[in-house]
Structure formats: C-alpha cells, structure tokens
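Notes follow in the order I took them.

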Amino acid sequence: MTDSVANDAAVTDRARLAGSAYNGDRDLAARQSLYQWQVPRYDLPGIVADQLSGVREHGRVVDVGCGNGKFIERLRQDRPDLHLLGLDIAPGIIADVPGPVAVADVVRLPLADASTDAALALHMLYHAKDVAQAVSELSRIVADDGLVIASTNSDRDKVELDELWARAAGDVLGTGRGPARISLSARFTLEKAPAFLGEEFDRVATIELPGTITVRDAGPVVAHMASYQAWSDQHDVPFEATIERARTILDGHITRHGAFEIRCLGGVLVCRR
Ligand SMILES: C[S@@+](CC[C@H](N)C(=O)[O-])C[C@H]1O[C@@H](n2cnc3c(N)ncnc32)[C@H](O)[C@@H]1O
C-alpha cells in the first residue's frame with residue numbers, strides 16, 4: 001500500500017473509529033481543548049447556531065457524526081424548539097449524549113428523503129469511506145429548501161505539529177526527518193470540500209476561521225499528539241517514544257522562545273440548493 005492509501009484506510013476503518021478512536025470522548029476532548037489557547041477564539045457551536053437561525057420553528061436538525069454532543073448541547077440551549085437527532089458510528093462516544101441519538105453511518109443514513117430541515121456534518125466527512133456517497137446521503141435527507149453545514153481543516157492547518165512530529169520521529173529513528181504523522185482531514189480538507197459539496201449543492205459558502213494557538217507549556221500539545229493513540233500503529237515509528245521526544249523538543253523551544261505557536265485554519269461550509 002502507498003502511504004496515502006494506508007492513511008485513508010486507517011482514517012475510515014469503522015472498527016478502529018468505533019472501537020478505539022471514538023469509543024469515548026477522551027481523545028476528541030484533548031484535541032478540542034487545544035483551541036482554548038487560540039487567538040482569535042471562535043465560538044463554533046455559536047456559528048453553527050447562527051447559520052441555523054432560518055430553520056423554521058420546531059424544525060428538524062440531524063447532527064451526523066455528533067461525537068460528544070457539543071453542538072447538540074448548545075442547540076438545545078439556543079433553539080429549544082428544534083427537534084434534534086444525533087447520529088454517530090461510535091456507540092461509546094454517544095453514550096452520554098442526551099437523546100435522541102442512534103448509531104448510523106453517514107454513507108447510509110436511516111432517514112427518509114427530505115425528512116430534515118438541516119443536517120450537520122462537522123469535522124467528520126473525512127472519516128466517511130466514500131465521501132461523495134456521504135454528501136449524496138446528506139443531500140437526500142435534507143428538504144429542498146434545507147441546508148447542510150459541514151466543517152473541516154485546511155491542508156495548511158497546524159503544520160507546526162506536522163514538523164514537530166517528523167522531527168521527533170526522525171530523532172527516535174536516527175534518520176533525520178522521520179515519517180509523517182497520520183492526517184485525519186486529508187481526504188476532505190477545506191480546499192477539497194467545495195468540490196465534493198458542489199456536486200449536490202448550488203451554493204457552498206465557506207467561512208474561514210484562521211487563528212494562532214500559543215502555548216507556554218508542552219502539556220496541551222503533547223496531549224493533542226497523544227490523542228492519535230488509536231492510529232499509533234500507522235506511524236512507522238514507536239509512538240510513545242516519539243511523543244516523549246516531541247515533549248523534549250517543545251520544552252527546549254519554550255525555554256528559548258517563551259512560547260510555541262501553531263497556526264490554524266479551520267472552516268465551516270454552508271450548503272444550499
Ligand atoms: C472528529 S469527531 C467530530 C465530532 C463532532 N462532530 C464535533 O465536531 O465535535 C468525528 C466523529 O465522527 C464520527 N464518525 C466517524 N465516521 C463516521 C461515519 N462514517 N458515520 C457517522 N459518524 C462517523 C466519529 O465517531 C466521531 O464521533
């Protein structure tokens with residue numbers, strides 16, 4: 001297998017997603033929590049809630065790949081009138097999300113045609129086995145005047161973490177620059193997303209969310225790196241040793257420069273017919 005084929009297989013492997021990567025919310029929460037050090041800070045659930053402001057009273061909204069329910073929780077507060085449904089491939093991660101929730105795969109949604117006013121697919125389409133089929137399913141379940149809101153990261157997002165990993169892995173292997181870390185969003189980046197979504201929707205508006213994370217302690221970055229534990233066998237380098245080496249590099253950098261900076265670029269895509 002080529003690196004990218006192996007990467008794709010690992011990122012879409014249902015057993016790995018449901019059984020380890022998202023069998024609870026610990027790893028997802030570690031990745032989400034790094035953003036508390038980002039400037040500017042974005043209220044992502046608030047941005048999504050704003051985009052849903054045109055959804056009729058008592059309308060239906062489905063959050064596909066709802067994860068730990070961050071968006072459902074916020075919508076319950078902001079729009080208590082809406083009928084919300086959370087779907088996810090991983091039973092473990094939805095166990096504590098207040099219902100209704102169900103296990104389902106975005107490529108085969110258990111919902112009737114045009115049965116919902118809006119569908120969310122936030123930071124999840126890159127996990128779909130067939131991204132085009134997933135977009136077609138989202139389009140199928142949404143009413144003609146409805147909308148789909150997707151989100152993902154740019155291929156330029158957090159390049160400093162890619163660099164840090166490759167350097168730490170190289171040090172561990174004694175090879176100079178080591179193998180790249182797994183990329184979750186590579187199959188559906190902010191750059192690729194409009195073409196996928198444009199197959200089903202006439203209007204795809206991208207809201208870019210650039211920012212910089214600044215940390216003065218290696219801990220949150222190390223926790224972020226460690227949250228890829230489910231894919232530890234995909235790195236062609238001992239995982240724990242690479243993370244410990246990254247910690248040492250980070251400590252040295254922070255001692256010399258006072259902080260470590262990571263440039264971020266995420267985005268939200270709002271799709272209508
Ligand atoms: C990165 S998390 C994002 C969670 C949430 N949407 C958010 O933005 O906080 C990806 C979620 O998608 C789920 N997922 C992965 N593949 C899926 C699929 N094929 N169908 C439905 N959900 C899937 C995972 O179990 C996980 O909860």
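Predicted model: local features only at pLDDT ≥ 70, side-chain atom pairs only at ≥ 80, totals over all residues.

**Entry: leucine 52**

I started with leucine 52, which touches Val61, Leu75, Arg79, Ala118, Leu120, Leu147 and Ile149, with residues up to four places away in sequence left out. Contact here means heavy atoms within 4.5 Å. Leucine 52 sits in the loop between α4 (44-51) and β2 (60-64). Helices (H or I, at least four residues) and strands (E, at least two) are DSSP runs, numbered from the N terminus. Is leucine 52 buried or exposed? I found it buried, with a relative accessible area of 0%. My cut-offs: buried is under 20% relative accessible area, exposed is over 50%, and partly exposed is in between (1.4 Å probe, protein chains only). I also checked valine 135, 83 residues along the chain from leucine 52; the two C-alpha atoms are separated by 19 Å.

**Entry: ground rules**

Residues are numbered from 1 along each chain as its sequence is written, and side-chain values use heavy atoms, with hydrogens and water left out.

**Entry: the ligand**

I looked up the ligand next. Of the 20 residues around the ligand, Gly65, Asp88, Asp105, Val106 and Leu122 come nearest; a residue is near if one of its heavy atoms lies within 4 Å. By class, I get 13 nonpolar, five polar and two charged residues in the shell. The classes are Ala, Val, Leu, Ile, Met, Phe, Trp, Tyr, Cys and Pro as nonpolar, Asp, Glu, Lys and Arg as charged, and the others, Gly among them, as polar.

Which backbone atoms lie by a nitrogen atom of the ligand? For leucine 122, a backbone N or O atom is 2.8 Å from a ligand nitrogen. For valine 106 I read 2.9 Å, and for a polar backbone atom of isoleucine 89 the value is 3.3 Å. Taken alone the ligand exposes 590 Å², and the protein buries 97% of that (Shrake-Rupley method, 1.4 Å probe).

The UniProt record, an unreviewed entry, puts "domain: Methyltransferase type" on residues 62-149; such annotations may be inferred rather than shown by experiment. I find that span to be 27% helix and 31% strand, with its end C-alpha atoms 10 Å apart.

Arginine 181 lies in the loop between α8 and α9 (193-198). I count arginine 181 as buried because its relative accessibility is 14%. Its side chain joins that of aspartate 162 in a polar contact of 2.7 Å (N or O atoms within 3.5 Å, one able to donate a hydrogen and the other to accept it). Beyond four places in sequence, the contacts of arginine 181 include Trp165, His224 and Tyr228.

I found a cis peptide bond from valine 39 to proline 40, omega near -10°, and another cis bond from glycine 99 to proline 100, omega near 0°. Histidine 58 has a positive phi, near 65°, and counts as partly exposed because its relative accessibility is 44%. Aspartate 236 has phi near 55°, also positive, and is exposed at 62%.
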